[in-house]
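Notebook open, viewer running. I want to jot down a few packing details before I forget them.

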Amino acid sequence: MAENFDPVLGGQQLAGSDPVMGGLVAVEQALDSPDPKVRIQAIKGALKYGSKGAELVIQAMRNDPNWEVQFAAWETLLEAEDPQHVQVARSYRLPLRQLGDVRARYEAGERDFRWAKLSRADLSQAKLSGANLSGASLSRANLSGASLSRVNLSQAKLSGADLSRADLSQAKLSRANLNQAKLSGANLSGANLSGADLSGANLSGADLSQANLILAKLSGANLNQAKLSGANLSQAKLSRADLSGADLSGANLRGVNLQGSNLFWARLRRSLLSAETQMDPKWRLVWEIVNGQANVKNLSGADLSGANLSGADLSGANLSGADLSRADLSGANLNWANLNWTNLNWTNLNWANLSGADLSRADLSRADLSGANLWQANLSEANLNWANLSEARLWQANLSRANLSGAKLWQANLSEAKLWQANLSGAELRGANLDGTDLRGANLRDAKLSFGWGWFKDLTGTILPDGQVHS
């Protein structure tokens, strides 16, 4: 008697019988097997028998007592050629697995925790590196300080979860729901967050360098001080996100929506923008400046408040009336720039080159100008109240009528500077070089000066530290 091989059972079938019906019988018999592996094997070949085979797969997805068999049926339908079968799988809510003590199972060598039910679980400091938690429910779980490097959390539910200080380096988080999650100080370097929902998440101080955030939702996220250097943020939704102090140097920002985002002090050097990138004109100007693509000759009246312009070349620029309050211009070149009437309140100008700059009437109150080069700069009538000018080079600078009350001028070089009628009340001038300085009419009440400073100065009309007026 001739015999035909049955692909499902791996056994024999009578010749002359209907091969389709015989195959379905074999599938049905295999699905009655007590061995889950046999049932899974039957499911994988069932769709070749048309709608009746699909019905058997759907029944297994919904009713089989073993989760692995249910998952195999769901995955088989999801990958089917028939769109109706795919839709059945997409509309079906696959049940989550009850796994008990995940820590113990991991220590025993288990790594497959797909679709685990772990919402509100306490997994703080847990060591789960390399585990497969795709599709798992971890909403509001405590994973603070957990070791999750190279873990697969794709499509996982992590809304409201505490992942602060967790190690998620090289983790797979594509299409994960991280809405309102706590990720402050987390290590996400090299992580795949493509399509992830991070809206409202706290990522302050997190390391996202080289991470893939393409198409991620970051609206309203807190990325304060986050490290995003080299990250792929193309097409990401970052509207209303807090990126203050974030490092975006070298990041891919093509097509990103940054409307309404807080970019104060954010580093944008070498980041990549496209015409589709949506951001406030102020921050696009900042990006153009730090990447050398802006016409920096005329920036009068520009709003650059809070901008990170450290190291920027603004030599000869007209910044009169510009708002640079709280901006970071540390190490910037402002040689011979015009900063007349500019607001530089609380600005970081540490070690900046401001030689010859016109800073007359500029608001520099509480600005950090320590170590700055202000040789021959015009600071007449400037507001330098409580400014830090320690070790600043103010040789031949014009500080006439400037407000330097409470300013720190420790070891500053003020030789041949003009401080005529300047207000230096309460200023720290110990160690300052005042050789040849014009202090006529200046107010030095309560100022701190090195011993013997006034022996060879012209102090006509000067209010001395003790309050007396020098005749």
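Which residues does Leu 304 touch, not counting residues up to four places away in sequence? I get Lys 282, Leu 285, Val 286, Ile 289, Leu 309, Leu 319, Asp 323, Leu 324 and Ala 327, with contact meaning heavy atoms within 4.5 Å.

Ground rules, for my own record: this is a predicted model, where local features need pLDDT of at least 70 and side-chain atom pairs count only at pLDDT 80 or more, while totals for chains, interfaces and linings use all residues. Residues are numbered from 1 along each chain as its sequence is written, and side-chain values use heavy atoms, with hydrogens and water left out.

**Leu 304.** I find Leu 304 in the loop between helix 7 and strand 3 (428-429); helices (H or I, at least four residues) and strands (E, at least two) are DSSP runs numbered from the N terminus. Its relative accessibility is 0%, so Leu 304 counts as buried (under 20% relative accessible area; exposed is over 50%, partly exposed in between, with a 1.4 Å probe and protein chains only). I also checked Phe 264, which is 40 residues from Leu 304 along the chain, and their C-alpha atoms are 9.3 Å apart.

**Helix 7.** In helix 7 (residues 281-290) I list Lys 282, Trp 283, Val 286, Trp 287, Ile 289 and Val 290 as buried. Down the axis of helix 7 these buried residues fall within an arc of 160°, so they line one face of the helix; the arc is that of the directions from the helix axis to the C-beta atoms. Gly 292 follows helix 7 and has a positive phi, near 70°.

**Helix 3 on helix 4.** The axes of helix 3 (residues 50-63) and helix 4 come within 7 Å and cross at roughly 135°. Axes are lines fitted to C-alpha atoms, for helices over the stretch in contact, and angles run from 0 to 180 degrees between N-to-C directions. That makes helix 3 oblique to helix 4 (under 35 degrees is roughly parallel, over 145 roughly antiparallel, 65 to 115 roughly perpendicular, the rest oblique). Val 57, Ile 58, Ala 60 and Met 61 of helix 3 meet Gln 70, Ala 73, Trp 74, Thr 76 and Leu 77 of helix 4.

**Helix 4 on helix 5.** Helix 4 (residues 67-78) packs on helix 5 (residues 83-91) at about 135°, axes 7 Å apart. Therefore I call helix 4 and helix 5 oblique to each other. Trp 74, Leu 77 and Leu 78 of helix 4 make the contact with His 85, Val 86, Ala 89 and Arg 90 of helix 5.
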